[in-house]
Amino acid sequence: MQIGPHRFTGRFFLAPLAGVSDRPFRLLCRELGAAFAYTEMVSAHGLIHGNGQTEAYLDRDPSEVPFAVQIFAAEPEALARGARAAVDRGADIVDINMACPVKKVCGTGAGASLARDPQAVEAAVRAVCQAAGVPVTVKIRSGWDAGSVNCVEVARAAEAGGASAVALHGRTRAQGYSGSADWGRIAEVKQAVGIPVLGSGDVWTAADALRMARETGCDFVLVARGACGNPWIFRELQAAEQGRPPPPPPTRDEWAALVMRHVRLQLEHAARRRPGEPAAETERAAVRALRSHLLWYTRGRRGGVHFRREAASLCTAGDVEAALERHFPSEGPGFEVDPSAPPPSAEDAS
Ligand SMILES: Cc1cc2nc3c(=O)[nH]c(=O)nc-3n(C[C@H](O)[C@H](O)[C@H](O)COP(=O)(O)O)c2cc1C
């Protein structure tokens with residue numbers, strides 16, 4: 001199980017997730033068993049010119065080796081220079097985002113828009129490989145819309161350009177994050193290329209991830225919304241990979257301890273980005289940045305509705321701790337997640 005020279009102890013990764021897969025959440029997922037985690041997407045132009053937000057994206061725990069940075073831009077030259085800047089700041093793997101469906105990104109010709117033309121894909125990958133000098137991976141969708149599914153061609157183009165792996169989200173750009181992912185496309189891409197394939201789409205539970213690996217033959221599985229509020233999914237997957245029985249869901253105390261650890265990691269992350277700012281302001285910003293995670297952690301649990309009503313007014317780590325105590329006082333019936341609760345939505349992400 002490897003990408004370029006990098007070997008992984010498992011095949012279940014945290015997907016790149018804008019507003020979600022930052023240093024704190026990557027660390028928690030990896031501690032719970034994720035074999036690897038991508039950064040959220042970072043503008044190649046931002047990397048070239050450098051700014052505070054870019055520094056935050058590149059903030060990594062020293063244990064994150066290899067470190068993979070996902071970049072986006074429309075022009076091969078910008079991608080190449082952005083990739084080089086990422087490598088100069090520690091990236092061991094560069095992933096090119098050719099999957100983002102957002103208008104603001106696609107409108108510039110980046111994200112999913114880039115993958116409309118396989119020749120452009122090959123040229124972009126080649127330019128990035130030459131500039132980066134580290135393994136380059138590419139994340140694509142099945143196509144632009146149902147009438148223009150081109151993932152096999154695009155994956156082949158990425159391979160021809162020198163990509164070390166290709167990740168496929170089995171939805172079209174037109175689908176956004178709704179409808180269902182077509183895992184058949186992942187199987188087709190796996191058959192079509194010789195490089196490792198990472199599968200993505202509709203991995204809500206550990207059982208889904210295992211089934212995706214089995215049914216599509218993909219080499220790695222990206223867990224995305226299924227990890228939001230449930231990083232313990234990686235503990236289950238690690239147990240399954242190692243042939244151990246499934247671990248029990250987290251107890252109330254384990255759950256609350258992880259939520260509070262996430263809050264503390266977020267405070268440290270914010271403090272590194274905002275040196276010199278009054279501590280109270282940094283804390284407020286960190287808790288605000290955590291809001292979607294807090295909603296996901298409490299989704300479908302008894303007390304969650306009351307917690308959600310209060311979530312916008314939480315400003316400090318102490319506020320979060322007190323609200324957890326108030327709304328989720330102890331173990332007992334109702335603490336476990338209600339399986340009928342709606343899944344995490346992309347709109348919840350900050
Ligand atoms: C909130 C959110 C942010 C995302 N950000 C990125 C991103 O920065 N880069 C990327 O390649 N994909 C991004 N994705 C797509 C996911 O990596 C994944 O491919 C997609 O959610 C499908 O998996 P799922 O149906 O299991 O959630 C994002 C998805 C969501 C929901």
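Strand β5 is mostly covered in this predicted model, with five of its five residues buried. A68, Q70 and F72 point one way from β5, while V69 and I71 point the other way, and all are buried. In a regular strand the side chains alternate between the two faces of the sheet. On one flank, β5 pairs in the parallel sense with strand β4 (residues 36-43) over four bridges, and within this pairing Y38 stands opposite A68 of β5. Strand β5 also pairs with strand β6 (residues 93-98), again in the parallel sense and over four bridges, and here I71 stands opposite I96 in β6.

P66 is found in the loop between α3 and β5 (68-72), and the peptide bond that joins V65 and P66 is cis, with omega about -5°.

Strand β8 (residues 165-172) runs parallel to β9 and is joined to it by four bridges, with A167 standing opposite L198 in β9. Together with helix α8 (residues 183-192), β8 and β9 make a right-handed β-α-β unit. Strand β9 also pairs in the parallel sense with strand β10 (residues 220-223), over two bridges, and in β10 the bridge partner of L198 is F220. The chain crosses from β9 through helix α9 (residues 206-216) to β10, and this β-α-β crossover is right-handed.

| Strands | Sense | Bridges |
|---|---|---|
| β4 (residues 36-43) and β5 | parallel | four bridges |
| β5 and β6 (residues 93-98) | parallel | four bridges |
| β8 (residues 165-172) and β9 | parallel | four bridges |
| β9 and β10 (residues 220-223) | parallel | two bridges |

D202 is found in the loop between β9 and α9, and its phi is near 60°, a positive value in a residue other than glycine. D202 is buried, because 20 other C-beta atoms lie within 10 Å. G107, in contrast, lies in the loop between α5 (103-106) and α6 and counts as exposed, because it has 11 C-beta neighbours inside 10 Å. G107 and I195 are 88 residues apart in sequence, and their C-alpha atoms are 30 Å apart in space.

Helix α6 (residues 118-132) contains A131, which counts as buried because it has 20 C-beta neighbours inside 10 Å. Leaving aside neighbours within four places in sequence, A131 is in contact with A80, R81, A83 and R84. The C-alpha atoms of A131 and A160, which are 29 residues apart along the chain, are separated by 16 Å.

At the level of the whole protein, the chain is divided into domain 1 (2-241) and domain 2 (252-327), and the C-alpha centres of the two domains lie 28 Å apart. Between them, 12 residues of domain 1 are in contact with 11 residues of domain 2. On the side of domain 1 that touches domain 2, α1 (23-31) and α3 (52-58) each supply at least two residues, and α1 gives the most, with four residues. The residues of this side of domain 1 divide into five nonpolar, three polar and four charged.

Definitions and conventions
Residues numbered from 1 in each chain as written. Predicted model: local features only at pLDDT ≥ 70, side-chain atom pairs only at ≥ 80, totals over all residues. Buried ≥ 20, exposed ≤ 12 C-beta atoms within 10 Å, placed from the backbone. Contact = placed C-beta atoms within 7 Å. Pairing = 2+ DSSP bridges. Right-handed = clockwise from strand over helix to strand, strands pointing away. Domains from an automatic or database assignment. Nonpolar A, V, L, I, M, F, W, Y, C, P; charged D, E, K, R; others polar.
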